[in-house]
Amino acid sequence: MSEKPRSKLDPSFWLSLFFVTLVGIWVVAAAGWGWDTRLFPWAIGIPTLALALCQLITDWKGPGVKDPKEEKKAPQAILDIAVDASIPPEEVYRHTVRTAGWLLAFGCGIWFFGFLISIPFFIFFYLIYEAQASKFSALTVTGLTFLFVWALFDQTMHIAWPEAALSSLLGFKFLH
C-alpha cells in the first residue's frame, strides 16, 4: 500500500511562494538604491531568496509516492519540531494572524517612519502587549536597543538608511 501523494498546492507551498515573492520584491527594490544602501539588503536578501527558491521547489515537488518497504524511520534529531496537538487549531490560527499583523505593522512602520524610529516603537509595543512586560523594563530595553542600533549602524557604520515616506511628505529627515 502506498501513501497518497501530497497536493502541490498545500499550505507549505503557498508560504514558500509568499516568501519568494516578498524577498524578491525587496531585492529588486534595493537595486534602485545607492551602492552603500543596497549592500545590506542584498547581502541578506540574495542568499535568502536562493534558499526560499530551493524551499519552493522542494514544496512543489512534494514527497512523492514511497514504497513502504523502503521507508525507514528517520532519527529523531533531524525531524521537524513536533506539533503540539494539545493546542486547539483556532488558537494556533489566532497566534499566526497576530504574528503576521505584528510583522506587517513593523514593515509599514519602517516604510512610513524609517528604521531608526520604527525599531524602538516596535520593540516597546511588542514588549508591552505580547510579552506583557512592565513599562519600565520595556522602556529600558527599548532605549538600550535604540542606542545600540543608532550607535552601531548610524554613527559607526554610517548606514545610508532609505528615506521614510513621512520625511518625504514633510520635507525633512528624522535623526539625521
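Guide: Rings of Phe, Tyr and Trp (its six-membered ring) pair if their centres lie within 6.5 Å; planes under 30 degrees apart count as stacked, over 60 as edge-to-face and the rest as tilted. By this rule, 12 aromatic pairs are counted. The model is predicted: local features need pLDDT of at least 70, side-chain atom pairs count only at pLDDT 80 or more, and totals for chains, interfaces and linings use all residues. Residues are numbered from 1 along each chain as its sequence is written, and side-chain values use heavy atoms, with hydrogens and water left out.

Visitor: Why is the aromatic pair of Phe 106 and Phe 122 called tilted?

Guide: The ring centres of Phe 106 and Phe 122 are 4.4 Å apart and their planes stand at 35°. That angle belongs to neither the stacked nor the edge-to-face class, so the pair is tilted.

Visitor: What makes this pair a tie between parts of the chain?

Guide: Phe 106 belongs to helix H3 (residues 89-113) and Phe 122 to helix H4 (residues 115-129), so the pair links parts 16 residues apart in sequence. Helices here are DSSP runs of H or I with at least four residues, numbered from the N terminus.

Visitor: Why are Phe 125 and Tyr 129 called stacked?

Guide: Their ring centres are 6.2 Å apart and their planes lie at 20°, so the pair is stacked. Both residues lie in helix H4, 4 residues apart, about one turn of the helix.

Visitor: How do you know whether Tyr 129 is buried or exposed?

Guide: Buried means under 20% relative accessible area, exposed over 50%, and partly exposed in between (1.4 Å probe, protein chains only). Tyr 129 has 55%, so Tyr 129 is exposed. Phe 125, at 34%, is partly exposed.

Visitor: What makes up the largest nonpolar core?

Guide: A nonpolar core is a set of buried Ala, Val, Leu, Ile, Met, Phe, Trp, Tyr and Cys residues joined through side-chain atoms within 4.5 Å. The largest has 9 residues, among them Leu 116, Ile 119, Ala 138 and Trp 161. H4 and helix H5 (135-156) are the elements that give two or more residues to this core, and H4 has the largest share, 6 residues.

Visitor: Why is H4 called roughly antiparallel to H5?

Guide: H4 and H5 pack at an angle of about 155°, with their axes 9 Å apart. Angles from 0 to 180 degrees are taken between N-to-C directions of lines fitted to C-alpha atoms, for helices over the stretch in contact (heavy atoms within 4.5 Å). Under 35 degrees counts as roughly parallel, over 145 as roughly antiparallel, 65 to 115 as roughly perpendicular and the rest as oblique. H4 is therefore roughly antiparallel to H5.
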